[in-house]
Amino acid sequence: MTTPADQLLAVNEPLPKFRFIVTLSPADVYLPPAQALLLQVVASGAFQEVTGLGAQLEVVTYPEGGRNDAVHRLPLRHSWNPITLKRGVVRDRLLWSWYETGLHDSLGARRDGALIMLDEAGIPAKSWIFHGGLAAKWSGPDLHAEQNAVAIESLEIAHERLTAVL
């Protein structure tokens, strides 16, 4: 039986960054824990790296006439960083097909998706949903005959919004 103190400690303990799932269905973020465990079987891809979770607010400096001790900093516009997914090259065409669809029908190629961090027990602990994502850049593997390494492909997703799910 867990005490309130144990629960508080668990909430404030940092999560490991090596346990995560990427899915192209944002509804997966809201699954009950028993069903969420099945995500590891049906997730959209086994990715080795996800980068780009972030955003920035462009700020302009506005000096006010007659005021020499400070300047105003005013918000101009907000933008989201592109999310990059990297994985070993596999025989399925999931990432390439999404990118290729955007070449012919950019409006129909928009997808929402979820990035789900797991705790030590494999249960979703924190999630982000990206909205209106487009496969903006696909990169194939670097091939080198003298190296025995896994071939890596990457997909950059340009999106319109990111929502944190607690």
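Helices (H or I, at least four residues) and strands (E, at least two) are DSSP runs, numbered from the N terminus.

**Entry 1: ground rules.** I am looking at a predicted model, where local features need pLDDT of at least 70, side-chain atom pairs count only at pLDDT 80 or more, and totals for chains, interfaces and linings use all residues. Residues are numbered from 1 along each chain as its sequence is written, and side-chain values use heavy atoms, with hydrogens and water left out.

**Entry 2: the whole protein.** I looked up the secondary structure and found 4 helices and 9 strands. Read from the N terminus, their order is α-β-α-α-β-β-β-β-α-β-β-β-β. Next I checked burial, where buried means under 20% relative accessible area, exposed over 50%, and partly exposed in between (1.4 Å probe, protein chains only). Of the 166 residues, 25% count as buried. For contacts I used heavy atoms within 4.5 Å. Among contacts with a separation of 6 or more, 67% are between residues 24 or more positions apart.

**Entry 3: the aromatic rings.** How many aromatic pairs does the structure hold? I found 2. Rings of Phe, Tyr and Trp (its six-membered ring) pair if their centres lie within 6.5 Å; planes under 30 degrees apart count as stacked, over 60 as edge-to-face and the rest as tilted. W96 and Y99 are a tilted pair, because their planes are at 40°, with 5.7 Å between the ring centres. I see both in helix α4 (residues 94-104), 3 residues apart, which is about one turn of the helix. W96 also pairs with W138, edge-to-face, at 5.0 Å centre to centre and 75° between the planes. That pair links distant parts of the chain, as W138 sits in strand β7 (residues 124-139), 42 residues from W96 in helix α4. W96 is partly exposed because its relative accessibility is 27%, and W138 is partly exposed because its value is 29%.

**Entry 4: from W138 to E153.** Is E153 buried or exposed? I noted E153 as buried, because its relative accessibility is 6%. Beyond four places in sequence, its contacts include L85, R87, V90, L95 and S139.

Entry 5: H159 lies in the loop between β8 and β9 (161-165). I marked H159 as buried, because its relative accessible area is 10%. A polar atom of the H159 side chain lies 2.9 Å from the backbone oxygen of N81, and this side chain also reaches the backbone oxygen of R161 at 3.2 Å. W80 is among the residues that H159 touches, as are F130 and G132. I then turned to W80 itself, in strand β4 (residues 72-80). W80 counts as partly exposed because its relative accessibility is 27%. Its side chain reaches the backbone oxygen of E160 at 3.1 Å. I also checked W80 against G54: they are 26 residues apart along the chain, yet their C-alpha atoms are separated by 6.2 Å.

Terms used. A polar contact is a pair of N or O atoms within 3.5 Å; within protein, one must be able to donate a hydrogen and the other to accept it, and residues adjacent in sequence count only if both atoms are side-chain atoms.
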